[in-house]
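Q: Let's go through this one together, starting with a single residue and then moving out to the packing.

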Amino acid sequence: MSNTTVPISEWCKEIRVALARKEMNLQSVADEIGYSYTTITALISGRIVKDNYLDIAKKINEVLEVDVLPEKPQLPSDEWCGAVRAKLYVKKMNISELSKSIGFNRDKVSLVLNGHALDWPVIEKINEQLKVEVPAVPVGTD
């Protein structure tokens with residue numbers, strides 16, 4: 001799987017238009033709603049989904065006067081996350097060691113392994129390093 005981009009959602013497009021219309025930037029929106037710039041950009045880009053993503057999106061919508069809500073982005077399957085954890089256990093390796101061996105930040109790897117972010121470059125390196133054969137997402141949905 002070499003899909004390394006996340007398609008731009010309708011919500012994201014609406015947010016970008018509203019930012020331009022209101023002459024605001026994402027930092028000012030983040031400041032106004034009380035979330036970090038990183039959280040806001042990750043949510044808008046579809047890279048990270050927290051349990052409260054709809055609450056955050058609604059706050060963004062309020063500030064920018066947007067009516068569309070985001071769809072929940074695709075995440076790694078529970079089966080893949082479990083297969084990776086099993087491989088780590090067998091190899092007596094922790095997330096920090098895996099992160100170092102594949103060249104990605106520990107936090108980014110942790111988000112992927114805990115099913116909170118779909119990051120294809122990270123997934124591909126993990127699959128390569130650990131020889132994981134379970135699909136990262138259900139077949140026909142990537």
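Q: Which helix does asparagine 61 lie in?
A: Asparagine 61 lies in helix H4, which spans residues 53–64; helices here are DSSP runs of H or I with at least four residues, strands are E runs of at least two, and numbering starts from the N terminus. Please keep in mind that this is a predicted model, in which local features need pLDDT of at least 70 and side-chain atom pairs count only at pLDDT 80 or more, while totals for chains, interfaces and linings use all residues. Residues are numbered from 1 along each chain as its sequence is written, and side-chain values use heavy atoms, with hydrogens and water left out.

Q: And is asparagine 61 buried or exposed?
A: Asparagine 61 is buried, with a relative accessible area of 6%, where buried means under 20%, exposed over 50% and partly exposed in between, using a 1.4 Å probe and protein chains only.

Q: What is asparagine 61 in contact with, leaving aside neighbours within four places in sequence?
A: With those neighbours set aside, asparagine 61 is in contact with Trp11, Ile15, Val66, Asp67, Val68 and Leu69, contact being heavy atoms within 4.5 Å.

Q: Glutamate 65 then, where is that found?
A: Glutamate 65 is found in the loop between H4 and H5, has a positive phi of about 55° although it is not a glycine, and is exposed, with a relative accessible area of 55%. Lysine 131, in the segment after H8, also carries a positive phi, of about 60°, without being a glycine, and is exposed at a relative accessible area of 57%.

Q: Zooming out, how many helices and strands does the protein chain have?
A: The protein chain has 8 helices and 0 strands, and buried residues make up 39% of its 142 residues.

Q: How do H2 and H3 cross?
A: The axes of helix H2 (residues 26–33) and helix H3 (residues 37–45) come within 8 Å and cross at roughly 115°, the axes being lines fitted to C-alpha atoms over the stretch in contact and the angles running from 0 to 180 degrees between N-to-C directions. H2 and H3 are therefore roughly perpendicular to each other, a label that covers 65 to 115 degrees, with under 35 counting as roughly parallel, over 145 as roughly antiparallel and the rest as oblique.

Q: Which residues make that contact?
A: Leu26, Gln27, Ala30 and Ile33 contribute from H2, and Tyr37, Ile40, Thr41 and Ile44 from H3.

Q: Which residues have the most contacts inside the largest nonpolar core?
A: Those are Trp80, Val84, Leu98, Val109, Leu113 and Ile126, in a core of 21 residues; a nonpolar core is a set of buried Ala, Val, Leu, Ile, Met, Phe, Trp, Tyr and Cys residues joined through side-chain atoms within 4.5 Å. Helices H5 (78–90), H6 (95–102), H7 (106–113) and H8 (120–130) each supply at least two residues of this core. A second, separate core of 19 residues includes Leu19, Ala30, Ile33 and Leu43.

Q: What does valine 84 touch?
A: Not counting residues up to four places away in sequence, valine 84 touches Leu113, Ile126, Leu130 and Val132.

Q: Last one: where does glycine 115 lie?
A: Glycine 115 lies in the loop between H7 and H8 and is buried, with a relative accessible area of 15%. Beyond residues up to four places away in sequence, glycine 115 touches Leu75, Pro76 and Cys81, and its C-alpha atom is separated by 9.6 Å from that of glutamine 74, 41 residues apart along the chain.
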